[in-house]
Amino acid sequence: MYDSGGPNGQYSDGENFTITFCGTANAPIIVEVVALRTESASFDYLKLYDGPTVGGTLMATLGGTMPAQTEYEASGNCITITWRSDGSVHSYDGFELSIRCGFPCQDYT
């Protein structure tokens, strides 16, 4: 998943969206930060919520510059992501996220 600028552009000012990803039952959703370069988290940021709505537990607020390969795993099979960029004229490279399903729990003896 890329910001609105895609893999080679910058995101726009004044953006605001929410998207939810759900996988198969019993397989957790994992979000990996591949790249993140935004204005500080006070202005342009991603929020990751554990569950199918923004009413779930806030897992992280991401903004500024982050190291790649940071991962966040939902406790269930859905994660909700919100993105907000303020109206100022400072946009950056943005973000690239990898979203995948983890392995379902397997019973063992």
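Reply: Happy to. There is one disulfide here, counting a pair of cysteine sulfur atoms within 2.5 Å as a disulfide. Please keep in mind that this is a predicted model, in which local features need pLDDT of at least 70 and side-chain atom pairs count only at pLDDT 80 or more, while totals for chains, interfaces and linings use all residues. Residues are numbered from 1 along each chain as its sequence is written, and side-chain values use heavy atoms, with hydrogens and water left out.

The partners are cysteine 22 and cysteine 78, with their sulfur atoms 2.0 Å apart. Their link is right-handed, with 115° about the S-S bond. Because cysteine 22 belongs to strand E1 and cysteine 78 to strand E7, the pair ties together parts that are 56 residues apart in sequence. Strands (E, at least two residues) and helices (H or I, at least four) are DSSP runs numbered from the N terminus.

Are the two cysteines buried or exposed? Cysteine 78 is buried at 9% relative accessibility, whereas cysteine 22 is partly exposed at 48%. Here buried means under 20% relative accessible area, exposed over 50%, and partly exposed in between, with a 1.4 Å probe and protein chains only.

What about cysteine 101? Its sulfur lies 9.4 Å from the closest cysteine sulfur, that of cysteine 22, which is too far for a bond. Cysteine 101 is partly exposed, at 42% relative accessibility.

Now for the strands around the link. E1 and E7 belong to an open sheet of four strands in the order E1-E7-E3-E4, with antiparallel pairing; two strands pair if DSSP finds at least two bridges between them. E1 and E4 are the edge strands, each with a single partner, so one side of each has no neighbour in the sheet. From one strand to the next the twist averages 20°, with axes taken as lines fitted to C-alpha atoms (for helices over the stretch in contact) and angles running from 0 to 180 degrees between N-to-C directions. Further along, E3 and E4 pair in the antiparallel sense over five bridges, and the bridge partner of lysine 47 is threonine 61 in E4.

The largest nonpolar core has 17 residues, and Val33, Leu36, Leu46, Leu48, Leu62, Tyr72 and Leu97 touch the most other members. Such a core is a set of buried Ala, Val, Leu, Ile, Met, Phe, Trp, Tyr and Cys residues joined through side-chain atoms within 4.5 Å. The largest share of this core, four residues, comes from E2. Tyrosine 72 has contacts (heavy atoms within 4.5 Å) that include Val33, Leu48 and Leu62, leaving aside residues up to four places away in sequence.

Stepping back, the protein chain has eight strands and zero helices. Buried residues make up 36% of its 109 residues. Among contacts between residues at least 6 apart in sequence, 79% join residues at least 24 apart. The C-alpha atoms fill a box of roughly 55 × 25 × 20 Å along the principal axes.
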